[in-house]
Amino acid sequence: HPASVKLGTITAEGTADIYCYQCNDSRLDPELAAHLANFGINVLTQTKTEKSMTELQIEHNLNFDFSMTGDDGKSLEPVFGAGLTGLANLGNSCYMASVIQSLFSLPAFQTRFYPTSLAHAATCPEPLPASCLECQMGKLADGLLSGRYSHPRKVPDPSAVVHSPSPDAPDHTAPQFQEGLKPTMFKALIGKGHEEFSTMRQQDSEEFLAHLLKSLRQDAKKKSEAEEEQPTGVFRFGLEQRLQCMNCKKVRYRVDSQDSISVPVPAKEKSPVFVEGGDPPKVEYEPVELLRCLEAALGTETLEYACPSCGTNVMLEKQSRFSTFPDVFVIHAKKFQLVNWVPVKLAQDVPVNLPPNDELSLDAFIGLGKQEGEVELPEEAAAVAPAMPQINEAAMGQLQAMGFGTNACQRALLATGNSDAEQAMNWLFQHMEDPDLNDPPVIAPVAKSGPEPSADDIAGLSDMGFTPAQARKALRETGGSMERAVEWLFSHPDDAGEEAGASSTGPAAAASSHPGGSNALPARYHLKAFISHKGPSVHSG
Ligand SMILES: [Zn+2]
Ligand SMILES: [Zn+2]
Ligand SMILES: [Zn+2]
């Protein structure tokens, strides 16, 4: 993709603002120094003269006056006291503040970290509190819950203003809100070693919650803390996946332990209202019921599947249910829709309506496991030869019309991404002399040791609701192509994916033991917290 680099933002460390007009988004380039050298630009001699986008965003956030007016038009009133302490924006850190405030509104986190923080400080094994997650969580709990830091924002001495009246003088009749805590040590510790959360960039709060829960579990494991003492357990539940071959009717069940569920938002565009001579109408969406989103995630899907019992490609029915319900249910609304296999961010906010009387019942979604009379599908053969991908027919037709043989055309399309006749034609001209040009194409099994997928691509697929482990495996299996990875994921609904590195202890590792949660009915939920971000970036929202 052609990308532009903003000259004044190039630093000697090799960072700069890069914008890709094809992706319509900002991009990172770890090889920027080498790439700029092609244009005779030596990053070592560059001096940064302009603010980068991140710096501009931070400046904007720090100066941003939030609307302190509610939906009813009344001004919000400042509140103070225990449990009513704000968090200051450290610059693009709202994703973190919103998650922390939500967590410490839960009794499980309050009782785990607030009263014990003093006792821990006396026996902390770490040399420095700055490197101890327990210390930092305790400090946050004390800061947020004690009320000792819940004060009105300090304002300049009013008498000083009287002597030098200026239009910028603070309005002393306006209510004074809080300064808030600045959790810089916590942010530095939780972001340490993480390529995204260690930065000052805007992040996704759902990804941050997953990262924080994982870090807390690792910390608890290090201290051999009993599982029932961990507050992270309130989120865990078992998601049962049921597959049924529609030909032989055999079934397979598996239960994965999860902390949240990603739901699509089945958005329907309102019919546009055209105004004569006015601007083109903005895309607007009909409100969606939250229950419809859950039904969309838990509904029945039909997929093509190589059934190990039938020994052939047949249709398969896939359905997800709750084998257990969590104490605290986290729902993550996906901000992408798939349009022709390409993830597209929803263009505008979609109103999602809560259930009537704020009561969400999950009773109808309980999964009961293998039923009497159901026969289990046999295990799949270890190495299944990859199937021949569907050849792009339009491109194929164009190439054949030019007189190339069927096999040669297929080879060319497979070698060039299977989408574009022109690229395939260029490939053909370069490979005219290949002795095997007219042999049937060979679909090589993709080596397991494919290149490590980029964090960006994994995050992109995670945004669509796949687990990072599934995303990683899909990208590896498909040589890093996002589009093919999506296809792979849909045709391997049963694959748990692969964790990064061997030391990883994701929630999936606990799948063999109890998934957490309870299967007691009724399973009813009330809204406790809500996190939303308004913004056009695909990296947050
Ligand atoms: Zn691009
Ligand atoms: Zn400590
Ligand atoms: Zn079958």
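Pro522 sits in the loop between helix H16 (482-491) and S15. Helices here are DSSP runs of H or I with at least four residues, strands are E runs of at least two, and both are numbered from the N terminus. The peptide bond joining Leu521 to Pro522 is cis, with omega about 0 degrees. Most peptide bonds are trans.

## Basis of the model

This is a predicted model: local features need pLDDT of at least 70, side-chain atom pairs count only at pLDDT 80 or more, and totals for chains, interfaces and linings use all residues. Residues are numbered from 1 along each chain as its sequence is written, chains are lettered from A and ligands numbered from 1 in the order in which they are written, and side-chain values use heavy atoms, with hydrogens and water left out.

## Zinc site

Which protein atoms are donors to the zinc ion (ligand 1)? They are ND1 of His1, SG of Cys20 and SG of Cys23, at 2.1 to 2.2 Å from the ion. Donors are N, O and S atoms within 2.8 Å of the metal (3.2 Å for Na, K and Ca); water is not among the atoms, so sites may look incomplete. The donor spacing in sequence is H-x18-C-x2-C.

Cys20 is buried, at 3% relative accessibility. Cys23 is partly exposed, at 31%. Buried means under 20% relative accessible area, exposed over 50%, and partly exposed in between, using a 1.4 Å probe and protein chains only.

## Positive phi at two asparagines

Most residues other than glycine have a negative phi. Asn24 has a positive phi of about 60 degrees. Asn24 lies in the loop between strand S2 (18-20) and strand S3 (25-27). Its relative accessible area is 55%, so Asn24 is exposed.

Asn357 also has a positive phi, about 55 degrees. Its loop runs between strand S13 (352-353) and strand S14 (360-361). Asn357 is exposed, with a relative accessible area of 74%.

## Aromatic pairs

The structure holds 13 aromatic pairs. In one of them, Phe329 and Tyr525 have ring centres 5.5 Å apart and planes at 50 degrees, so the pair is tilted. Phe329 is in the loop between strand S9 (312-322) and strand S10 (331-333), and Tyr525 is in strand S15 (residues 524-525), so the pair ties together parts 196 residues apart in sequence. Rings of Phe, Tyr and Trp (its six-membered ring) pair if their centres lie within 6.5 Å; planes under 30 degrees apart count as stacked, over 60 as edge-to-face and the rest as tilted.

## Helix packing

The axes of helix H6 (residues 133-145) and helix H9 (residues 205-222) come within 10 Å and cross at roughly 125 degrees. That makes H6 oblique to H9. Angles under 35 degrees count as roughly parallel, over 145 as roughly antiparallel, 65 to 115 as roughly perpendicular and the rest as oblique. Axes are lines fitted to C-alpha atoms, for helices over the stretch in contact, and angles run from 0 to 180 degrees between N-to-C directions.

Leu133, Glu134 and Met137 of H6 make the contact with Ser215, Leu216 and Asp219 of H9. Contact means heavy atoms within 4.5 Å.
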